[in-house]
Amino acid sequence: MSNKSKVEEMEDEPKKGQTEESTELNDEHIEGEKAEENDEEELSEEEKLREDLAKEKEKFLRLFAEFENYKRRTSKERMDLFKTAGQEVMVAMLPILDDFDRALKELSKSEDKEMFKGVELISNKFRETLKNKGLEQVEAKPGDKFDAEVHDAITQIPAPDKKMKGKIIDVVEKGFKLGDRIIRHPKVVVGN
């Protein structure tokens, strides 16, 4: 038995050595895998942080662009408001301009030239004041081509000749614009 036990011991020794070696190798392999997993976790955390940073940068850029658009839009609206701030007042003054034109027309028929000059001076001063505030007359005279964008046709009559077909025959009411915007279209009679 002792021989067998020695033989068995000898056979067991290499097995024990192998086991210890393989255990050591397995431990090293497991530690290596854990280190790789930690590296992957660290890389993935780093990648996550980079992705988060990229997302935040994109959000910031979008927000900045939206704010710039907002500033530009409100600035444009403010400029338009300043240009046409007096539009209601100007529209209310237009009938007075028409009345001055009618008064001057009638006073030119009378013999009192001093009264005509006085009313004419007041009319000119009133016109110049409105002109300085941005009011301009829209030019429309008989013989001009009718433009639906600019003119307001109140009626159509048969044209006196073929040349006047589709053209303005008479201007009933003058038109005005404030800046670039037409605040009252000229009312015209068109030849048909």
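How many aromatic pairs does the rule give? I counted rings of Phe, Tyr and Trp (its six-membered ring) as a pair if their centres lie within 6.5 Å, with planes under 30 degrees apart called stacked, over 60 edge-to-face and the rest tilted. The count comes to 3 aromatic pairs. One of them is Phe-60 with Phe-64, stacked at 6.2 Å centre to centre with 25° between the planes.

Basis of the entries: this is a predicted model, where local features need pLDDT of at least 70 and side-chain atom pairs count only at pLDDT 80 or more, while totals for chains, interfaces and linings use all residues. Residues are numbered from 1 along each chain as its sequence is written, and side-chain values use heavy atoms, with hydrogens and water left out.

I then placed the Phe pair. Phe-60 and Phe-64 are 4 residues apart in helix H1 (residues 2–83), so about one helical turn separates them. Helices (H or I, at least four residues) and strands (E, at least two) are DSSP runs, numbered from the N terminus.

Next I looked up accessibility (buried under 20% relative accessible area, exposed over 50%, partly exposed in between; 1.4 Å probe, protein chains only). Phe-60 is exposed at 53%, and Phe-64 is partly exposed at 46%. His-151 is buried at 9%.

I located His-151 in the loop between strand S1 (135–138) and strand S2 (152–157). Leaving out residues up to four places away in sequence, His-151 touches Glu-139, Ala-140, Lys-145, Phe-146, Ile-168, Pro-186 and Val-188; contact means heavy atoms within 4.5 Å.

Last, I checked S2: 5 bridges join S2 to strand S6 (residues 187–191), and the two run parallel. Strands pair if DSSP finds at least two bridges between them. Asp-152 stands opposite Lys-187 in S6.
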